[in-house]
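Me: Could you walk me through this model in plain terms? I will ask about one topic at a time.

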Amino acid sequence: MAVEARCALIAALRSRLICRPGCEDALATWGLDPLPQRWTISAGAQLSYTRSHINYDEAREQARWGVPDELRLLQPAVAVYPQHVIDVAPAPDGDDAPGPQRYAITVQVMLQTWATAVREADAREIARTTTDTHLRALAEAGITLTTPIWQRTDNPDEATPDPIGTHAQPAAGAVQLTDADELAAATAARDAAVQALAGLRRSIRARAIRALVDDEFGGVHQHAAQRVNQFLVDLGLDPLPQAHQVTAIADLTLPVGDGTAEDACDAARDRMRAVTTINPDVARPWTSYGWTIPDNATVDQDGWRMPWRHEYEMWLRGHASRADATTAAEALVRADLARALPEVNDDLVTVTATVESHGIDFQLNPDSD
């Protein structure tokens with residue numbers, strides 16, 4: 001599961017369905033290996049070779065600023081930068097004939113190579129392996145490079161991860177079986193593994209739902225929710241809960257007392273604040289707001305009667321049909337209005353509910369879903 005979850009995240013990152021910070025946060029939350037990064041690794045070494053030059057000064061100048069062409073052709077690439085000249089001397093097998101002479105040159109150099117890896121230690125090992133593979137080819141070209149002394153690793157750059165061959169470290173808390181012959185050790189290891197798997201499953205699900213709740217994906221909610229749902233199902237986890245999206249319109253008439261028409265509108269707004277909901281919660285899992293209809297207001301001996309239209313948006317789970325969801329929405333709206341406005345006769349309230357869609361619930365809770 002850990003490997004599959006990491007591969008799926010990396011594939012989503014490569015497809016630009018999720019951002020890199022979100023991917024990194026999810027991997028860290030699940031206790032999995034972070035994304036690979038491109039590291040720059042540096043080392044010091046001595047470079048020795050023999051080349052022909054017109055005279056000593058030219059040999060030393062070339063050694064100070066240049067390196068043999070064979071070094072520039074290395075693959076994987078290793079950059080070689082001369083630091084200072086250690087020795088320049090006529091080659092032992094040289095002759096006294098006029099013209100260019102061969103010089104044995106030794107230079108202190110800095111090597112630099114690059115590796116894509118999850119950890120710095122892995123990047124250093126890749127750098128060592130890369131350099132070691134070049135030593136034989138360089139020796140055949142008459143170039144000697146002493147064993148590099150690895151000095152530092154620069155801050156890594158972001159690298160595009162390859163989804164093929166990705167690996168995941170064991171989830172935090174997993175226990176490795178050390179003595180399969182002992183029943184107690186085997187039982188403890190099994191219990192720890194089951195607990196670690198259960199923790200990983202909860203963590204994966206909670207983080208995936210949190211990404212939906214916090215709108216980390218952007219765009220159309222249902223499109224993102226379907227991708228998250230498929231991700232969970234592919235890992236063997238339960239799908240996200242389904243719900244009906246319902247819009248319920250309540251038309252009611254409010255007795256708001258005497259005064260001017262403006263006073264009546266203000267009084268109606270004050271009365272309806274009790275059933276206005278911006279942030280859904282367990283007690284009221286919907287958003288609701290409304291407005292007056294002053295043109296239809298009437299006045300009699302008891303004062304103004306102000307028409308009001310109140311709109312509810314809710315997601316309802318557990319209903320087999322659209323009709324069931326509609327009936328449930330109407331009942332919820334009437335109960336909410338009756339709680340906040342006990343003095344308003346139910347006969348003065350008309351509720352019309354319409355199912356807008358059916359899909360993954362918009363109101364998800366990472367802790368309970």
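**Single residues**

Me: Is Asp-215 buried or exposed?
Reply: Asp-215 counts as exposed, at 51% relative accessibility. Exposed means over 50% relative accessible area, buried under 20%, and partly exposed in between, with a 1.4 Å probe and protein chains only. The model is predicted, so local features need pLDDT of at least 70 and side-chain atom pairs pLDDT 80 or more, whereas totals for chains, interfaces and linings use all residues. Residues are numbered from 1 along each chain as its sequence is written, and side-chain values use heavy atoms, without hydrogens or water.

Me: Where is Asp-215 found?
Reply: Asp-215 is in the loop between helix 6 and helix 7. Helices (H or I, at least four residues) and strands (E, at least two) are DSSP runs, numbered from the N terminus.

Me: And what is its phi?
Reply: Asp-215 has a positive phi of about 55°, although it is not a glycine. Most residues other than glycine have a negative phi, and most peptide bonds are trans.

Me: Which peptide bond is cis, then?
Reply: The bond from Gln-75 to Pro-76 is cis, with omega near 0°. Pro-76 is located in the loop that joins helix 4 (69-72) to strand 2.

Me: New topic: which strands pair with strand 3?
Reply: Strand 1 (residues 37-53) pairs with strand 3 in the antiparallel sense over 17 bridges. Strand 2 (residues 78-90) also runs antiparallel to strand 3, joined to it by 11 bridges. Two strands pair if DSSP finds at least two bridges between them.

Me: Why is strand 3 called largely enclosed?
Reply: Of the 17 residues of strand 3 (residues 101-117), 12 are buried, so the rest of the structure largely encloses it.

Me: Where is His-84?
Reply: His-84 belongs to strand 2 and is partly exposed, at 42% relative accessibility. His-84 and Val-107 are 23 residues apart in sequence, and their C-alpha atoms are 6.0 Å apart in space.

Me: How many aromatic pairs are there?
Reply: The count comes to 4 aromatic pairs. Rings of Phe, Tyr and Trp (its six-membered ring) pair if their centres lie within 6.5 Å; planes under 30 degrees apart count as stacked, over 60 as edge-to-face and the rest as tilted. One of the pairs is Trp-286 with Tyr-312, which is edge-to-face at 5.8 Å centre to centre, with 75° between the planes. This pair links distant parts of the chain, with Trp-286 in strand 8 (residues 286-292) and Tyr-312 in strand 10, 26 residues apart. Both Trp-286 and Tyr-312 are buried.

Me: What about Tyr-289 and Trp-291?
Reply: Tyr-289 and Trp-291 form a tilted pair, 5.8 Å centre to centre and 35° between the planes. Tyr-289 is partly exposed at 44% relative accessibility, and Trp-291 is partly exposed at 34%.

Me: Changing topic: how many disulfides does the structure hold?
Reply: The structure holds 0 disulfides, a disulfide being a pair of cysteine sulfur atoms within 2.5 Å.

Me: Last topic: how much space lies in the largest pocket?
Reply: The largest pocket holds about 550 Å³ of space. On a 1 Å grid over the protein atoms alone, a pocket is an open set of points where a 1.4 Å probe fits, with protein on both sides within 12 Å along at least five of seven lines; lining residues have an atom within 4 Å of a point. Points are joined across faces, edges and corners, and the volume is the space filled by probe spheres set on them.

Me: What lines the largest pocket?
Reply: It is lined by 20 residues, and those nearest its centre are Pro-280, Phe-362, Gln-363, Leu-364 and Asn-365. Helix 6 (183-213) and strand 10 (303-316) each supply at least two residues of this lining.

Me: And what about the second largest pocket?
Reply: About 420 Å³ of space lies in the second largest pocket. It is lined by 23 residues, with Leu-9, Ala-12, Ile-18, Phe-217 and Phe-231 closest to its centre. Helix 7 gives the largest share of this lining, 6 residues.
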